[in-house]
Amino acid sequence: MPVTSLNRRAACLSLLGGMAALAVPFRSDAEARFDERTKVFRLDGDGVTYAFGIDSVGQIQALHWGGSLAVDDPLPAAPKPSDFSGFDRANSVTPLEYVAFGGGLVTEPSLKVAFPDGGRDLVLRYAGHEMTAEGIRVRLKDISAEVHVELTYGMDKATGMLSRSARVYNRTRRPLRIDQMAAATLNLPFADDYELHYLTGRWAGEWTVQKRPLEAGSTVLESRLGMTGSQNNPWFAVGRKDVSEEENGPVWFGALAWSGSWRMVVEKDILGHSRITAGYNPFDFAYLLKPGESLETPVFYAGYSPDGMGGASRRMHRFQRTVILPGAPAPKLRPVLYNSWEATEFAVTEQGQVALAEKAATLGVERFVMDDGWFGKRNNDRAGLGDWTVNREKFPQGLTPLIRRVRELGMEFGLWVEPEMVNPNSDLYRAHPDWVINFKGRPRSEGRNQMVLNLARKEVCDYIIKSLDLLLSENDIAFLKWDHNRSWSEPGWPERPVAEQQRLYVDYTRHLYAILAEIRRRHPRVEIESCAGGGGRVDLGIMRFSDQVWPTDNTDPFDRLKMQDGFSQAYMPGVMMAWVTASPNWVNKRSTSLEYRFLSAMQGCLGIGDNLNHWTPDEFATAKRLIAEYKAVRATVQRGDLYRLISPQDNSPRSATLSVSDTRRQAVLFAFLHSSSKFEPAPLLQLRGLEPQTRYAVRAFAGTVADDTPKVASGAYWMNHGVKLPLRGDFQAAACVFDAV
């Protein structure tokens with residue numbers, strides 16, 4: 001295909017303008033105050049108070065983060081800092097909001113810089129503040145050099161979610177190298193019984209819940225991959241041992257909104273103070289800041305819940321729904337989707353896709369998505385990436401006939417793309433081999449037979465925007481599944497001066513956001529799913545531009561119960577795609593019933609990825625019935641409050657979740673049994689979140705309720721007595737809905 005450019009100047013100016021706006025936190029609507037007498041700032045929202053103050057030497061100290069305080073409650077001034085010993089200087093043992101490497105600091109710095117003369121000492125002091133539309137802006141300055149830092153604080157009134165970010169300004173006359181920069185340091189109230197919760201994983205095994213005591217020293221969560229990664233997710237939660245449970249006790253939690261390499265350090269110092277510092281990963285990081293330039297961090301969001309891990313999750317879910325997602329505060333419900341990948345893989349043809357679409361439409365599917373194999377010379381994963389033109393051997397008349405037929409069947413049409421990648425066997429790479437991330441003169445490693453385009457280069461951004469804009473303008477496409485199937489290697493940018501090449505780590509991700517923003521601006525009807533070899537790019541940064549996310553390539557319905565439980569700790573079910581695929585499943589060769597597979601997937605955003613050409617009439621009937629049931633409850637599942645009644649973690653044989661609508665007029669219960677043993681009876685499931693005096697009718701739409709279950713009872717009955725769903729055998733499931741009457 002011919003490789004040409006847009007009006008590069010106009011496109012690049014648009015991108016740079018977009019970059020400037022992307023790091024701005026949400027507009028804060030919580031009450032922000034400053035007490036001139038005590039020099040104390042505070043933010044209040046939804047039962048949460050966050051307070052910090054200026055101490056006598058001009059440092060910013062944390063004072064309170066937790067349950068809300070009364071307006072007239074005294075918050076004393078920040079105490080005078082003092083050394084603990086000759087080895088432990090004051091700035092290392094004082095709970096500071098943002099501390100630079102300097103003045104003898106030995107704990108995790110929020111900021112570390114290098115001056116041209118080799119000096120690396122930076123000591124920040126208060127230099128002023130403003131109360132702004134974003135909340136509070138505090139200015140810091142080095143004690144002698146013209147290095148300034150601006151801290152931005154905001155809080156969402158409806159959820160009490162705090163936003164923190166920082167920007168450093170080089171107002172000296174010489175370049176300044178940023179070696180490490182965090183969005184914020186969050187200090188926890190003093191306690192000696194904290195437990196850290198976090199999420200780890202790998203391909204096909206994402207979203208594993210980890211828990212460990214927060215002891216002296218540091219726990220480092222990070223990605224060095226150039227992307228969010230599956231090994232760790234940029235989310236944390238801290239509770240109190242034997243106090244903080246699923247629905248009780250205090251929990252402090254947060255997430256970094258960044259889709260590139262990141263790091264989060266959770267540390268407990270020698271005096272027992274616990275803190276969390278998160279921002280750019282300093283691994284291989286160096287950002288040269290020229291005189292007059294500035295660098296802004298991603299936003300670090302954080303919250304507090306007195307209602308355990310479940311309360312923390314619901315608060316985070318509500319915040320994502322009302323603030324973060326496209327369409328917030330009322331993002332669109334996710335349609336029932338069919339994806340053709342497992343049916344055809346790369347062997348897509350117009351006739352074959354039409355046949356699948358016609359079968360999918362009979363089920364009540366609302367969106368038909370054609371996956372990989374439709375473009376360039378894409379007959380396998382060794383060619384074609386980067387050439388985003390329709391393969392005319394497979395689609396002689398382009399995509400128009402297929403899309404027209406999909407639309408006639410009453411469905412939207414979606415398409416798989418992987419715009420950040422290129423195969424060496426492609427027209428794009430042959431024309432522009434310099435467009436990939438590389439070290440000059442060194443081997444160019446391939447992953448899945450592909451390399452990573454350097455989005456830090458503006459001409460690459462222009463090309464991606466032009467290609468996708470043309471594709472979307474010429475075709476009636478409502479949805480893009482945006483994939484990303486390998487991490488970085490040889491992270492070089494040889495076209496830039498040596499001292500500037502490591503800006504790649506920031507500029508790539510900011511340009512990715514700008515590309516997504518521009519595509520959405522030009523095509524506001526088009527929705528996007530974030531996918532990265534499964535769940536490798538799920539974070540609050542990419543979610544600002546993605547209507548849904550693909551959490552894992554593992555579609556085994558039993559494995560998914562644990563993974564969905566882990567996912568829901570940090571992210572809302574209303575963005576979590578979940579497919580019904582073949583049995584035996586390709587991951588574990590495990591066989592499960594179609595009903596079990598559907599109920600597992602119905603706890604998120606329902607999709608089907610099986611080969612419908614192999615289904616029996618009975619399977620079509622079952623799927624059609626369950627899709628209709630899902631549509632009747634999906635608003636509750638996707639937008640409601642989630643209660644994890646029984647967690648599948650720790651090898652529990654059972655799992656149960658409850659979704660309750662925001663009006664409290666409907667609740668949906670899903671229950672699963674891995675295998676029964678010793679004729680053990682089913683437990684009573686005590687519901688949560690209902691209105692005690694409202695009467696609810698129960699109806700099972702999969703499995704049954706126990707024979708002695710009343711058909712109608714009060715919310716108090718269902719919450720205090722409960723309901724029993726008899727399950728016996730291997731891989732059994734049931735579901736029922738409670739509707740107010």
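Author: Gladly, and please keep in mind that this is a predicted model.

Reader: What makes Ser591 partly exposed rather than buried or exposed?

Author: Its relative accessible area is 48%, and since buried means under 20% and exposed means over 50%, the value falls in between, so the label is partly exposed. Ser591 sits in the loop between strand E29 (577-580) and helix H11 (594-601), and its C-alpha atom is separated by 9.2 Å from that of Asp556, 35 residues apart along the chain.

Reader: Which elements make a β-α-β unit with E29, and how is E29 joined to strand E30?

Author: The right-handed β-α-β unit is made by E29, H11 and E30. E29 and E30 (residues 605-608) run parallel and are joined by 4 bridges; as two strands pair if there are at least two bridges between them, these strands therefore count as paired. Within this pairing, Ala578 has Leu606 in E30 as its bridge partner.

Reader: How do you know that both faces of E29 are covered?

Author: Met577 and Trp579 on one side are buried, and so are Ala578 and Val580 on the other. In a regular strand the side chains alternate between the two faces of the sheet.

Reader: What makes Asn232 buried, and what does its side chain meet?

Author: Asn232 has 14% relative accessibility, and the cut-off for buried is under 20%, so the label applies. This residue lies in the loop between strand E13 (217-223) and strand E14 (235-240), where a polar atom of its side chain is 3.1 Å from the backbone oxygen of Glu222; the limit for a polar contact is 3.5 Å.

Reader: Why is helix H3 described as largely enclosed?

Author: Because 14 of its 17 residues are buried, H3 is largely enclosed by the rest of the structure. The helix, residues 308-324, reaches 23 Å from its first C-alpha to its last, close to the 24 Å expected at 1.5 Å a residue.

Key:
Residues numbered from 1 in each chain as written. Predicted model: local features only at pLDDT ≥ 70, side-chain atom pairs only at ≥ 80, totals over all residues. Heavy atoms only, no water. Helix = DSSP H or I, 4+ residues; strand = E, 2+ residues; numbered from the N terminus. Buried < 20%, exposed > 50% of the residue type's maximum accessible area, 1.4 Å probe, protein only. Expected span 1.5 Å × (residues − 1). Polar contact = N/O pair within 3.5 Å; in protein donor to acceptor, adjacent residues only side chain to side chain. Right-handed = clockwise from strand over helix to strand, strands pointing away.
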